[in-house]
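The following exercises concern a model with two chains. Please work through each task before reading its solution.

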Amino acid sequence: MTYYRALEDLNAGHNNIIANGIVFKESRLSPKAVTILAEMGRIAEVSFPPLEVIPGWKIRAAKVKNMSTVEFLDAPNDELAVKMKTKPDTIEAWKAEILRWMATPPKEG
Amino acid sequence: MAQTTTDITACDVSVWLDNLAGVAKDISGSSNSVDLSFSKVIGELRTFQTRWARRQECGKDCVWTLMIVYSTTTDEAWHILKNWFFSSAPNLRTCTVYAPDKNIGSDMLSGEFRLQDLKWTLSSGNADPVSVTATLVPSGEVTLSTVAT
């Protein structure tokens, strides 16, 4: 799965706003929208650093050796929970933490 | 610097306004102009022995002026606006403008508005369709986002 950063506030319908700077999974938008918005420079593909580089992730990363950050984000929570000896909810929170860390701060005004 | 090739026209702009039931209605077919005027509140300071003013900014505001067609069909612009003024209790309604059109990648300006005034002229010697001007002022933030769906 590819991840993108919103370079402007995006309105994905029904008050579903993807705020400027947020990193999101491409599946939040239709393939057509992804193609057009990428061409227009409204979204940009994100390259993630390895898990062990993310602040506070050295020990966690060791539990999922050889897994890239994108592979981690895409893997089912229950499988990761078994590997990392924790709850699926915790895995979900960790995934959200990575995406928050990758987001750029909200603009002022 | 290369000349732009992505300039737009306003031909396919889409304007949506809530009706009395709070349902967004496309009033593009019964309106033909929308004037979007955005402003910032600027404060000024001038002291002795300086020539140039110092300025700082604070709030933001806007006024939207809709030019609509006086028509007789339910849920067209005039029907919604006249009911808003005459028949409903004071209320906020969502108004949204899409430019250059409503497709993916277009700008979407949206906010909650109050109807400030309605103006029109009925002239016996004029064969043009009657136009009505409506002034909307926002209550709260007016947002700009990109259509992504």
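This is a predicted model: local features need pLDDT of at least 70, side-chain atom pairs count only at pLDDT 80 or more; totals for chains, interfaces and linings use all residues.

Is B:R55 buried or exposed? The relative accessibility of B:R55 is 52%. The threshold for the exposed class is over 50%. B:R55 therefore counts as exposed.

**Exercise 1. Trace the salt bridges around B:E44.**

Step 1. Begin with the partners. B:R55 and B:E44 form a salt bridge whose closest N and O atoms are 2.9 Å apart. These two residues belong to distant parts of the chain, with B:R55 in strand β4 of chain B and B:E44 in strand β3 of chain B, 11 residues apart.

Step 2. Turn to the other arginine. B:R46 also forms a salt bridge with B:E44, and here the closest N and O atoms are 3.8 Å apart. The cut-off for a salt bridge is 4 Å, so the pair of B:R46 and B:E44 qualifies.

Step 3. B:E44, B:R46 and B:R55 are linked in a network of salt bridges. B:E44 itself has a relative accessible area of 49% and is partly exposed.

Step 4. Side chains of opposite charge can pair when their charged atoms come close.

**Exercise 2. Determine which parts of chain B the salt bridge between B:E57 and B:K40 ties together.**

Step 1. The side chains of B:E57 and B:K40 meet in a salt bridge at 2.7 Å, N to O.

Step 2. Locate the residues. B:E57 lies in strand β4 of chain B and B:K40 in strand β3 (residues 31-45) of chain B, so the pair ties together parts that are 17 residues apart in sequence.

Step 3. Classify the lysine. B:K40 has a relative accessibility of 43% and counts as partly exposed.

Step 4. Examine the strands themselves. β3(B) and β4(B) run antiparallel and are joined by 13 bridges.

Step 5. Over all chains, the structure holds 6 salt bridges.

**Exercise 3. Describe the surroundings of B:T135.**

Step 1. Assign the element. B:T135 lies in strand β7 of chain B. This strand runs antiparallel to β4(B), to which 6 bridges join it. Within that pairing, B:I68 has B:V132 in β7(B) as its bridge partner.

Step 2. The relative accessibility of B:T135 is 10%, and B:T135 counts as buried.

Step 3. Identify the polar partner. The side chain of B:T135 makes a polar contact with the side chain of B:D117 at 2.7 Å.

Step 4. List the neighbours. Leaving aside residues up to four places away in sequence, B:T135 touches B:V63, B:W64, B:T65, B:R114, B:L115, B:Q116 and B:D117.

**Exercise 4. Explain why helix α1 of chain B is described as largely enclosed.**

Step 1. Consider burial. In helix α1 (residues 77-86) of chain B, 7 of the 10 residues are buried, so the helix is largely enclosed by the rest of the structure.

Step 2. Name the residues. The buried residues are B:A77, B:W78, B:H79, B:I80, B:L81, B:N83 and B:W84.

Step 3. Find what they pack against. The buried residues of α1(B) pack against β1 (14-18), β2 (24-26), β4 (54-69), β5 (93-99), β6 (107-120) and β7 (131-138) of chain B.

**Exercise 5. Characterise the interface of chain A and chain B.**

Step 1. State the extent. The two chains bury about 950 Å² between them, with 56% of it on carbon and sulfur atoms. The elements that give two or more residues to the side of chain A that touches chain B are β2 (10-11) and α1 (31-39) of chain A. Of these, α1(A) gives the most, with 4 residues. That side of chain A has 8 nonpolar, 4 polar and 4 charged residues.

Step 2. The contact takes 16 residues from chain A and 11 residues from chain B.

Step 3. Inspect the strand pairing. β2(A) pairs with strand β8 (residues 143-147) of chain B in the parallel sense over 2 bridges. In this arrangement, A:N11 stands opposite B:V147 in β8(B).

Methods. Residues are numbered from 1 along each chain as its sequence is written. Chains are lettered from A and ligands numbered from 1 in the order in which they are written. Side-chain values use heavy atoms; hydrogens and water are left out. Contact means heavy atoms within 4.5 Å. Buried area is the accessible area (1.4 Å probe) that two parts lose on being put together, summed over both. Ala, Val, Leu, Ile, Met, Phe, Trp, Tyr, Cys and Pro count as nonpolar, Asp, Glu, Lys and Arg as charged, and the others, Gly among them, as polar. Two strands pair if DSSP finds at least two bridges between them. Buried means under 20% relative accessible area, exposed over 50%, partly exposed in between (1.4 Å probe, protein chains only). A polar contact is a pair of N or O atoms within 3.5 Å; within protein, one must be able to donate a hydrogen and the other to accept it, and residues adjacent in sequence count only if both atoms are side-chain atoms.
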